[in-house]
Amino acid sequence: MKAEQPTLGKLVRGLRARNGWTLKEMSDRSGIPVSTLSKVEHDRLTLTYDKLLQLSQRLNIRVSELFAEDDAAAGSEAPVTARRSIGSLDRAVRVTTPNYDYYYLCNELRRKRMIPIFTRIRAKSADEFGEFVRHPGEEFLYVVKGEIVVHTEFYDPITLGEGKSVYLDSSMGHAYVAGKDCDEALVLAVCSSADDGLMDSLMNLHGDDATTEALA
């Protein structure tokens, strides 16, 4: 018999049980209403990413713990989940930074092996961008509108126009900036990693100046 796949409700309920908390105690610790937690535990409601981030920060756990499969499921043959999510900007989690606007798509799906991100690039130069970013895994980026310059620590900068793409090792320092005559560029990126903490790594890159908004 195949192991039953954990849901967010089961993960939250298990976390509460391990700590011996009542729903009220968990609500007081997390800042999430009792009624919301109850619906989540009974799989009648999910949480947007900003709420998952709030839960992890206030309960001092990694966000990835709320996305990870349990040991039994991880060791069994992967079932056909037939899951699907329609991504749209009005249901995305938006993170705004001085250089970029990030829209995290399909945020209701947990344990994603790929993280799709629609990004609005405003930085105009590598100096304006600042220190290169690095995170686990690999990423693919496609230019939807405008022009970008891709800076990496091991290669000369390259310019990509609409319809062009790049695939790179994300642990290599990199930065994307708008092209010379482009006020801003729109790109679609997909990040993937075997590290179950990829989402944590991506969110930690945004820095203290970032603001997060759940648009769903």
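User: Where is the place of Arg-122?

Analyst: Arg-122 sits in the loop between β3 and α6. Helices (H or I, at least four residues) and strands (E, at least two) are DSSP runs, numbered from the N terminus. The model is predicted, so local features need pLDDT of at least 70 and side-chain atom pairs count only at pLDDT 80 or more, while totals for chains, interfaces and linings use all residues. Residues are numbered from 1 along each chain as its sequence is written, and side-chain values use heavy atoms, with hydrogens and water left out.

User: Why does Arg-122 count as partly exposed?

Analyst: Buried means under 20% relative accessible area, exposed means over 50%, and partly exposed is in between (1.4 Å probe, protein chains only). Arg-122 has 26% relative accessibility, so the label is partly exposed.

User: Which residues is Arg-122 in contact with, leaving aside neighbours within four places in sequence?

Analyst: Contact means heavy atoms within 4.5 Å. By that rule Arg-122 is in contact with Thr-96, Thr-97, Pro-98, Asn-99, Tyr-100, Asp-101, Glu-128, Asp-183 and Glu-184, leaving aside its neighbours within four places in sequence.

User: What makes the pair of Asp-101 and Arg-122 a salt bridge?

Analyst: A salt bridge is a side-chain nitrogen of Lys or Arg within 4 Å of a carboxyl oxygen of Asp or Glu. For Asp-101 and Arg-122 the closest N and O atoms are 3.0 Å apart, and the pair forms a salt bridge.

User: Which residues are linked with Asp-101 in a network of salt bridges?

Analyst: The network links Arg-94, Asp-101 and Arg-122. The side chains of Asp-101 and Arg-94 meet in a salt bridge at 3.2 Å, N to O. Asp-101 has 5% relative accessibility, so this residue counts as buried. Arg-94 has 25%, so the label there is partly exposed.

User: How many salt bridges does the structure hold, and what is the N to O distance for Arg-16 and Glu-41?

Analyst: The structure holds 6 salt bridges. One of them joins the side chains of Arg-16 and Glu-41, at 2.7 Å, N to O. This pair links distant parts of the chain: Arg-16 is in helix α1 (residues 8-19) and Glu-41 in helix α3 (residues 34-41), 25 residues apart.

User: Are Arg-16 and Glu-41 buried or exposed?

Analyst: Arg-16 is at 17% relative accessibility and therefore counts as buried. Glu-41 is at 3% and therefore counts as buried.

User: Why is the pair of Tyr-100 and Tyr-102 called edge-to-face?

Analyst: Rings of Phe, Tyr and Trp (its six-membered ring) pair if their centres lie within 6.5 Å; planes under 30 degrees apart count as stacked, over 60 as edge-to-face and the rest as tilted. A search of the whole structure finds 4 aromatic pairs. In the pair of Tyr-100 and Tyr-102 the ring centres are 5.2 Å apart and the planes are at 80°, so the pair is edge-to-face. Tyr-100 and Tyr-102 are both buried. Ring pairs link Tyr-100, Tyr-102, Tyr-104 and Phe-129 into a cluster.

User: What makes strand β5 largely enclosed by the rest of the structure?

Analyst: In strand β5 (residues 148-152), 5 of the 5 residues are buried, so the strand is largely enclosed by the rest of the structure. Ile-148, Val-150 and Thr-152 are buried on one side, and Val-149 and His-151 are buried on the other. In a regular strand the side chains alternate between the two faces of the sheet.

User: How many bridges join β5 to β6 and to β8?

Analyst: Two strands pair if DSSP finds at least two bridges between them. β5 is joined to strand β6 (residues 158-160) by 3 bridges, and the two run antiparallel. Ile-148 has Leu-160 as its bridge partner in β6, and a hairpin joins β5 to β6 through 5 residues. With strand β8 (residues 174-178), β5 has 5 bridges, again antiparallel. There, Val-150 stands opposite Tyr-176.
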